[in-house]
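Subject: Structure handover

Hi,

Here is the structure we talked about. Please open it and keep it beside this email while you read.

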Amino acid sequence: MSRGGQQSVNEVIGEVTRTLIPTITKNEVRQRVCEQFAASELYSFAWIGRYNPEKTEVIPTASAGIAENTLDGVTITEEPLRAELTNEAVRTREITVGQNLVDDPPCEDWRNHALKRDYQTCAVIPLVYEETLYGALHLATDRPQGFGAAEREALAELGVTIAYAFENAESPADTDNTEREKAEAEMTRVPAESEQERRLYETLISSTPDLVYAFDLDYRFIFANDALLEMWGQSFEESVGNTLLENGYEQWHAEMHEREIDRVVETKEPIRGEVAFEHAELGRRIYDYIFAPVLNDEGEVEAIAGTTRDITERKEAEEALQESKERFRALVAASSDVVYRMNPDWSEMHHLEGKEFIADTHASTSDWLDKYIHPDDQERVKEAINEAIRTKSTFELEHQVQQVDGSLGWTFSRAVPMLDEDGDIVEWIGMASDITERKEYERELEQANTQLKRSNAELKRFAHAASHDLQEPLRMVSSYLQLLENRYGDDLDADATEYIEFAVDGADRMREMVDALLEYSRVNTREEDFETIDCETILEEAMENLQMAIDESDATITSDELPTVSGDERQLIQLFQNLLDNAITYAGDDSPTVHVSAERRHGEWTFSVRDDGIGIDPEKTDGIFEVFNRLHTPDEYGGTGIGLAICERIVMTHDGRIWVESDPGEGTTFFFTIPDGNGGGNDVGGEW
């Protein structure tokens with residue numbers, strides 16, 4: 001009976017084969033074979049029957065794994081279901097299989113039988129040697145999808161070996177002529193079908209991708225199938241009769257096989273090995289091979305039969321899997337993440353390496369939820385797990401955990417479902433990161449943001465209050481100075497009048513600076529407040545606000561097609577207005593000419609405002625956007641020294657950059673960028 005599938009099919013077959021040596025009676029052969037199969041971890045029970053062609057029945061002769069009386073009197077005519085498999089195996093001389101007999105049986109009787117005998121799949125292996133049918137071997141397993149292609153092939157080869165053992169089995173010491181005649185009757189020949197079977201055998205041997213061959217005792221090939229001839233790149237006539245060396249094998253390779261042939265002759269037991277060598281067309285390949293003895297009537301080895309299978313892809317897959325496992329183990333060892341494994345429904349945790357964050361567990365545990373997950377998050381974790389199981393998708397969640405030291409921690413956990421070939425979940429592999437150095441930071445950052453918002457609000461209120469409180473005394477100073485001039489102007493000398501003008505002008509400039517500072521403090525817009533802005537319209541409104549300055553300076557302002565962007569309308573108008581006003585202010589003696597353009601590059605719009613004014617010394621452009629940084633005295637050019645600082649603040653609020661390129665006497669170009677919100681643009685352009 002299968003007990004976890006720890007034993008391989010090849011191991012079981014090897015054990016069965018060894019029970020056939022030395023030569024024993026047919027009854028011993030049957031019983032030992034059945035007992036060996038039943039004792040394995042793969043098969044629930046086994047029985048061998050002798051086929052009677054006259055009555056078309058299989059008469060059980062040996063069994064193991066179920067009650068002895070189960071087979072008493074059983075023939076294929078009495079069990080139609082079993083008869084169907086047996087008849088097919090006898091007719092085709094090939095293995096027949098009935099799979100998944102519990103969940104998907106051909107009829108209810110078969111389900112009941114399978115449940116009663118504790119199996120799910122059964123197979124019938126014909127025991128045939130040199131066209132003689134010696135009987136049928138029945139095997140059962142509790143694997144629903146047992147007897148795959150590789151297993152069937154191995155069992156078919158074993159069937160030939162068992163039949164060969166029958167051929168050479170001794171009769172009991174007291175065997176008389178009657179018993180001998182009875183034994184001979186067991187070997188049923190079907191002459192009418194022998195020629196057809198020979199052709200079938202030859203076709204199978206020639207069409208199989210496996211290498212099939214035979215040696216004599218002088219290490220010479222006496223047979224080679226088409227696959228082997230293709231590997232050599234030689235014909236049958238060129239190859240048969242040659243030694244291994246003569247057929248192109250390397251010295252070490254030939255000597256190795258010769259030693260193995262000697263061993264098979266000596267022990268009369270098969271030998272199995274693995275070797276890599278060059279294929280004539282495919283290059284270096286890896287092969288699995290078996291040498292088996294061919295015994296004569298006296299039980300002596302008269303030849304060696306061999307089969308070789310190309311297992312290159314399988315070995316490469318195994319090596320890739322091993323490398324993958326090693327990389328995974330290395331990743332687990334090097335990673336700071338927690339690694340865990342869960343069964344399909346998450347009812348048990350099979351393994352967990354906590355990396356000193358969560359307590360390790362290398363034994364399966366079902367109380368992992370209470371042990372590791374904080375009570376406040378358990379329901380949320382279960383809901384996420386159920387959804388992942390339902391959809392067979394990745395489980396992802398941030399949740400609280402109980403740390404090794406008993407304190408509360410946070411983890412981000414991700415688990416991926418491992419699916420079998422039918423798409424069913426086999427287990428979950430998960431990794432969890434300690435995000436406690438992050439949750440604490442987020443909490444502190446949130447507190448800092450809250451405090452910053454409070455401070456900004458307070459600063460905004462202070463700015464408004466300060467602006468009002470400063471504006472009022474400045475207006476008072478200007479008003480009283482003007483009253484003083486109006487009332488006593490005739491009595492004041494020229495110096496006094498000039499002093500009053502200086503004081504009034506200073507108060508006015510101070511008031512302008514306070515207004516500019518207030519405007520600077522208001523540039524603080526959140527991205528969620530942005531809207532779609534047509535820059536053509538923005539430029540027009542900025543020019544309307546500067547219409548008096550444009551007319552007085554006789555300025556010419558042109559533009560290319562301008563795009564649509566995402567931003568704050570009031571601030572973008574202020575940005576264009578300040579840059580245009582700067583170009584008009586520093587135009588020099590000639591009428592100013594200004595051109596505005598935009599170009600899309602690398603996911604953003606680069607705007608330029610180019611003038612032909614007095615220009616700027618390149619060595620002085622670094623601090624041009626600083627508050628109150630002026631390159632000229634108020635007597636030379638007016639202004640507060642805050643306009644370009646406001647431009648920079650607006651551009652930064654829109655996640656852009658601003659810079660200037662200029663040479664004295666060659667004009668100035670201001671550049672700024674705005675991310676491409678939704679692209680687009682208008683066909684409007686021209687001159688004002």
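Start with K392. This residue has a relative accessibility of 38%, so K392 counts as partly exposed. One thing to bear in mind throughout: the model is a predicted one. K392 sits in the loop that joins helix 13 (375-391) to strand 13 (395-402). Look at the backbone there. The phi angle of K392 is near 55 degrees, which is a positive value in a residue other than glycine.

You will find D655 in the loop between helix 19 and strand 21 (658-662). Is D655 buried or exposed? Its relative accessibility is 54%, and exposed means over 50%. D655 therefore counts as exposed.

Now the helix pair.

Two packed helices are described by the angle between their axes and the distance between the axes. Take helix 18 and helix 19 (residues 643-653): their axes come within 9 Å. They cross at roughly 145 degrees. The crossing is left-handed. On the helix 18 side, the contact is made by Q571, Q574, L575, N578, L579 and N582. On the helix 19 side, G643, L644, I646, C647, I650, V651 and T653 take part. What kinds of residue make up this contact? There are 7 nonpolar, 6 polar and no charged residues.

Zoom in on N578. It lies in helix 18, which covers residues 569-585. Leaving out neighbours within four places in sequence, N578 is in contact with G643, I646 and C647. N578 has 13% relative accessibility, and the cut-off for buried is under 20%, so N578 counts as buried.

Next, I500. It is placed in helix 15 (residues 494-521). I500 has a relative accessible area of 6%, so it is buried. Which residues does I500 touch, once neighbours within four places in sequence are set aside? They are L481, L484, E485 and L492. Try the distance to Q482 as well. I500 and Q482 are 18 residues apart in sequence, and their C-alpha atoms are 7.9 Å apart in space.

S364 is in a loop. That loop runs between strand 12 (349-353) and helix 12 (368-372). With 47% relative accessibility, S364 counts as partly exposed. S364 touches E348, M349 and H350, not counting residues up to four places away in sequence. S347 lies 17 residues from S364 in sequence. From C-alpha to C-alpha, S364 and S347 are 10.0 Å apart.

Last, the empty space inside.

Rolling a probe the size of a water molecule over the atoms shows where empty space is left. The second largest cavity holds about 100 Å³ of space. How many residues line this cavity? There are 14, and Y213, Y249, H257, F277 and T308 lie nearest its centre. Strand 6 (211-215), helix 10 (251-267), strand 8 (271-279) and strand 9 (283-295) each give two or more residues to the lining. The largest share, 3 residues, comes from strand 6. By type, the lining divides into 11 nonpolar, 3 polar and no charged residues.

Best wishes

Methods:
Residues numbered from 1 in each chain as written. Predicted model: local features only at pLDDT ≥ 70, side-chain atom pairs only at ≥ 80, totals over all residues. Heavy atoms only, no water. Helix = DSSP H or I, 4+ residues; strand = E, 2+ residues; numbered from the N terminus. Buried < 20%, exposed > 50% of the residue type's maximum accessible area, 1.4 Å probe, protein only. Contact = heavy atoms within 4.5 Å. 1 Å grid on protein atoms, 1.4 Å probe; cavity = no way out; pocket = protein on both sides within 12 Å on 5 of 7 lines; lining within 4 Å. Points joined across faces, edges and corners; volume = space filled by probe spheres on them. Nonpolar A, V, L, I, M, F, W, Y, C, P; charged D, E, K, R; others polar. Axes fitted to C-alpha atoms, helices over the stretch in contact; angles between N-to-C directions. Left-handed = near helix turned anticlockwise from the far one by under 90°.
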